[in-house]
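Please look over the sequence and the fold before reading on.

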Amino acid sequence: MNDEKYMRVAFSLAQKGRDKTFPNPLVGAVVVKNSKIVGRGYHKQIGKSHAETNALTAAGKEAKGATLYVNLEPCSHFGRTPPCVDGIIKSGIKEVVCATIDPNPKVNGAGIRWLGQAGIKVKLGVLEGQARKLNRLYFKQVLSGFPFVMLKIAQTLDGKIATVSGDSKWISQKDSRRFSHRLRSQLDAVLVGVNTVIKDNPKLTAREARGRNPFRIVLDSNGRVPLTSNLIRRNQDNKTIIVVADKKAEKKMKDKVEVWRVGLHGQKGIDLKALLKLAAEKGISSILVEGGRKIFTSFLREKLVDQIYCFVCPKIVGDGISAFDSLGVKKISSALKMKVIKIERFTEDILLIGYPDWRKRCSAE
């Protein structure tokens, strides 16, 4: 039980690095000696010292003969910082309790073997499920080569995301929108289609939440994003990315924003799998898809969705724009199902959080 107690402290510490360690995982570490915590640390920022190093520094001489608790396997390779296992061995730590192996091919058990060869006792698997869930975005990218994809939808009681005229401001209430901004700040990128940019002229920032702004990805195969849009005019942080399909569109945009050129998938628009693979290669481990209907439908059709956040708002508009286009479902028994894992209540809105039932759970969860 004590192992679980101290591992939970490591989890809590790891959470402090959220929004700052991209694209690295969240890691916390605790040094315990004689049933007392003598050092704490977490990975505070990309490029800075790792959790284990910070905890050992805080412990100082007390680290000798102590036990180190860490939620992810210590690294054993040189990156932006030296290998953590080196520092652990030199500190005199006698035992390392680790929640889970790091799936990164550069580590993937090597850190554990290195510690064992140095005579340090290693205990693996304490609260492993929770550790994988904590870093599910990182695990998904490393294990599959694709980012973790979330759909965020705000719809009326009758399933509409806009009126017939295209008006959608605002379907959800202010506290729901504030939650959405917090969600943006916790993920690497937010993605919309060009029609959403033309109709709504969004900023796609996390301005109502503390934390970093995400990258802003727009699917725009023909380069139709207005040069006067907020995403281009207010791109001081250089985080707007326009995804196009041909050289002409690329030439039009490349002097204004970052441009990715990705091929088309038949007549269905940008090749989403190729896009996600490219995003992962560029270090983006999580994407929040915010619209519109064509984009939502395409991600569902190709089964590229890992999680769904659906706000249901107590408004009825009748005729309007539905959240999804045709999915080829002819019988209720064939409908795509969502396994709801959490329901949250806001001032008026209800938020359903869940997974598509066809999704194979990543071993990160």
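Predicted model: local features only at pLDDT ≥ 70, side-chain atom pairs only at ≥ 80, totals over all residues.

Residues are numbered from 1 along each chain as its sequence is written, and side-chain values use heavy atoms, leaving out hydrogens and water.

The protein chain has 12 helices and 16 strands (DSSP runs numbered from the N terminus: H or I of at least four residues for helices, E of at least two for strands). Its radius of gyration is 23 Å, close to the 21 Å that the globule rule gives for 365 residues, so the chain is as compact as a globular protein of that length. The radius is taken over C-alpha atoms, and the rule is 2.2 Å times the number of residues to the power 0.38. Buried residues make up 53% of the 365; buried means under 20% relative accessible area, exposed over 50%, and partly exposed in between (1.4 Å probe, protein chains only).

Strand β4 (residues 95–98) is covered on both faces. Glu 95 and Val 97 are buried on one side, Val 96 and Cys 98 on the other. In a regular strand the side chains alternate between the two faces of the sheet. β4 runs parallel to β3 (residues 67–70), joined by four bridges, with Cys 98 as the partner of Val 70. Four bridges also pair β4 with β5 (residues 121–124) in the parallel sense, where Glu 95 stands opposite Lys 121. Pairing requires at least two DSSP bridges between the strands.

Leu 336 lies in the loop between β14 (320–322) and β15 (338–345). At 39% relative accessibility, Leu 336 counts as partly exposed.
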